[in-house]
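Here are my notes for anyone opening this entry for the first time. Have a look at the picture, then go through the points in order.

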Amino acid sequence: MASHDHYYVPAQSKWPIIATLGLLITVYGLGTWFNDLKAGRPDSHGPLIFFVGGLCVAYMMFGWFGAVVRESRAGLYSPQLDRSFRWGMGWFIFSEVMFFVAFFGTLFYVRILAGPWLGGEGHKGVSHMLWPSFEFAWPLLNTPDPKLFPAARDVIDPWHLPLINTILLVSSSVTITLAHHALRKDHRSALKGWLGVTILLGIAFLTLQAYEYHEAYTELGLTLGSGIYGATFFMLTGFHGAHVTMGTLILIVMFARILRGHFSPDKHFGFEAASWYWHFVDVVWVGLFIFVYVL
Amino acid sequence: MSAVIDEHGHGHEHVHGPAKGLMRWVLTTNHKDIGTMYLWFSFTMFLLGGSFAMVIRAELFQPGLQIVEPAFFNQMTTMHGLIMVFGAVMPAFVGLANWMIPLMIGAPDMALPRMNNFSFWLLPAAFLLLVSTLFSPGGGPNFGWTFYAPLSTTYAPESVTFFIFAIHLMGISSIMGAINVIATILNLRAPGMTLMKMPLFVWTWLITAFLLIAVMPVLAGVVTMMLMDIHFGTSFFSAAGGGDPVLFQHVFWFFGHPEVYIMILPAFGAVSSIIPAFSRKPLFGYTSMVYATGAIAFLSFIVWAHHMFVVGVPVVGELFFMYATMLIAVPTGVKVFNWVSTMWQGALTFETPMLFAVAFVILFTIGGFSGLMLAIAPADFQYHDTYFVVAHFHYVLVPGAIFGIFASAYYWLPKWTGHMYDETLGKLHFWLSFIGMNMAFFPMHFVGLAGMPRRVPDYNLQFADFNMVSSIGAFTFGATQIFFLFIVIKCIRGGEPAPAKPWDGAEGLEWSVPSPAPYHTFQTPPEVK
């Protein structure tokens, strides 16, 4: 197979420009929608534009990823190209880590520095004069200006749903590793089994997370608007949940590919990349559980 | 190992030239096509951002309000900064990386060619979204390119939503571009091209790409928090909910300070190729150059709060960030020393790339020294938000980043076009740029030290003379860049045919292929000894 030791440079492709237009339409629609909502303008075209853009992006993903899968199965990808994918996925996950670093940094800054200052402690405690009656405590059950930002009545108890979710996600990291070992030993039915279990664990996690959000909004008064506690809580858990959703979708695609007989014991980077991503969302969750829920 | 260029989607071994017509550019996966598009896009944005600067300088030509309303003036300063940073300087370096990195390391193309095309096309989309906000009701972004909250949240025009999404698109583009650069450098080097044999442009880009992947997501994070504060009732940047407007500045400058090195490190690399070529001597201290670049990159992550000395950082913080910032002078000094030592006792000639490179070394050093002055926290209390800061960062960005780009363009134009550019016109472009730029920005040091605040459409009478000089210099510099466009077009359309290696002191694999470089190069990697 001559092409196997060649570095494959693909022909012209329509997918990048479709991706660009799709993303542009999506964010234009989203921006229009948000602005119309805020200004109270009825009959916004935003949702429709957003929907059209989303369809373009979905079409692009099917098309582009489909092309890559076909090329890979046609044997066009050399081991060297495989390494390019590995570097690419690895650095992509690093960029995701840095995205979460921004929000964890926000949480630590508020808890360790800005919050106590606002409560009158430390080097910049002079900012206490803005709201002299404000006392800082974490979790933040009173905000400086409760009219603008009504605080939550209570916060989520880490030792119920979040603990169950931790167990679910950590086990899912184990099951996907078992699936990977099965793939390497070419045990296809074990592979399907463990991957199926991983997907179910992901869905169970998301269901519990949705239930927790519901409880936070309806029973605890913990919302996006309940001061910096609500803001950091929903930002961190929300983006994590979005990543779990994405990861679950990726795993479902992998499951469908495995049912079609894709991947071999020595060539399965698509699966491996999905499992890297899954481990990444798991590690982020452990950080969340410790710093958002427990401490 | 060699490369298969798939022209028809069937993996044919024989190789054709580029496709015909417009779709060649829209659908291309070729690193040279994409590099060319990046460079033209960057130049277009340079002229657009430059025309906004002309509006600013025209208004500041005299004290008083003559030409624009203050509200529009604010939009001009904001857009000028955003366009120059994200639209002109960064894409120019990505364009140079696309063109030159595969040629310098003997790779058939970039590692992920389709993603490369995606990275490029996102930029015109992002800037279409951003620039179109100027025409929206309420006007475009008016809160400065640093978009401090709450100016950019509570008090922002409606267009801030589109500004946020435009930043997201630019961030996606930069991250994908950087991933591509890293994968190319780490995986596609020709056999024998060890890391410590790579040209410095490749080294500096490797480190720049790392910085991009580390900080662009943080920028995405901070604009997302803005979006949430504006539309979804969160209080990240509002103390009324327990948040902190200063938090915005911390997160922004955690991105922003590495960002300034993103805009200068590739220029360091290019100049480190150009100075040896025209000194006819190898680069002095190659290894120390590599380590100095790494040191600068590391330090760039622990100095961000020097932008915030007057916002009320605890004294411990002020001291830490002050000393950490001063440390950057050490590796930067190593670099300047090495460039000067490379020239020392060399057989120097001063063709246009060398003129720009020498001016780079001298003028960037001036910008570095004013940076050192600003790093001293108690002194910064006086300089902060004055024109001294404007003078400082224009000295590192114009004769730093932009002159580095010009030097690179003249140095590699023969390789890109197959023609020599007109040397006389090139030198004229250099001298007019050099004089115009110094005239525009040097007086800003004086008005800044005398207390003229930045981002104002009107000013005290005592600053009038220097401002008029600045404006004349700026108009000269601006008009000269249209002349540069003429030089480039003339070079593309004809001129003395360029040999494979037009500069006798030049080194590197890019000179081993013909000029103009064929559409596909190094399908079989060269052996590097």
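1. A word on terms before the layout: helices and strands here are DSSP runs, a helix having at least four residues and a strand at least two, and they are numbered from the N terminus. With that in hand, chain A reads β-α-α-α-α-α-α-α along its sequence. That comes to 7 helices and 1 strand.

2. Keep in mind that this is a predicted model. For the complex, the predictor gives an ipTM of 0.96 and a pTM of 0.96. Chain B averages a pLDDT of 95, and 97% of its residues score at least 70. There is a stretch to treat separately, though: over residues 8-14 of chain B the pLDDT is below 50, and beyond near neighbours in sequence this stretch has 8 contacts in the model.

3. Now for the overall form of chain A. Its C-alpha atoms fill a box of roughly 75 × 45 × 35 Å along the principal axes. Chain A has 295 residues, and 39% of them are buried. If you take the contacts in chain A with a separation of 6 or more, 70% of them are between residues 24 or more positions apart.

4. How is chain A divided into domains? Domain 1 covers 10-76, and domain 2 covers 80-294. The C-alpha centres of these two domains of chain A lie 25 Å apart.

5. On to the place where the chains meet. Here 64 residues of chain A are in contact with 65 residues of chain B. On the chain A side, β1 (6-9), α1 (15-39), α3 (79-118) and α6 (227-259) each supply at least two residues. Which element gives the most to that side? It is α3(A), with 22 residues. By residue type, the side of chain A that touches chain B divides into 38 nonpolar, 19 polar and 7 charged.

6. In chain A, the bond joins W138(A) and P139(A), with omega about 0 degrees. P139(A) sits in the loop between α3 and α4 (161-184) of chain A. In chain B, the peptide bond from S515(B) to P516(B) is cis, with omega near -5 degrees. P516(B) is placed in the segment after α16 (464-493) of chain B.

7. Chain B also has some backbone angles to check. Q345(B) is not a glycine, yet it has a positive phi of about 60 degrees. You will find Q345(B) in the loop between α11 (329-343) and α12 (352-375) of chain B. Is Q345(B) buried or exposed? Q345(B) is exposed, because it has 9 other C-beta atoms within 10 Å, and a residue with 12 or fewer counts as exposed.

8. R455(B) lies in the loop between α15 (423-449) and α16 of chain B. With 15 other C-beta atoms within 10 Å, R455(B) is partly exposed. That label applies because a count in between the limits, 12 or fewer for exposed and 20 or more for buried, is called partly exposed.

Note on methods
Residues numbered from 1 in each chain as written. Chains lettered and ligands numbered in written order. Predicted model: local features only at pLDDT ≥ 70, side-chain atom pairs only at ≥ 80, totals over all residues. Contact = placed C-beta atoms within 7 Å. Nonpolar A, V, L, I, M, F, W, Y, C, P; charged D, E, K, R; others polar. pLDDT = per-residue confidence, 0-100. Domains from an automatic or database assignment.
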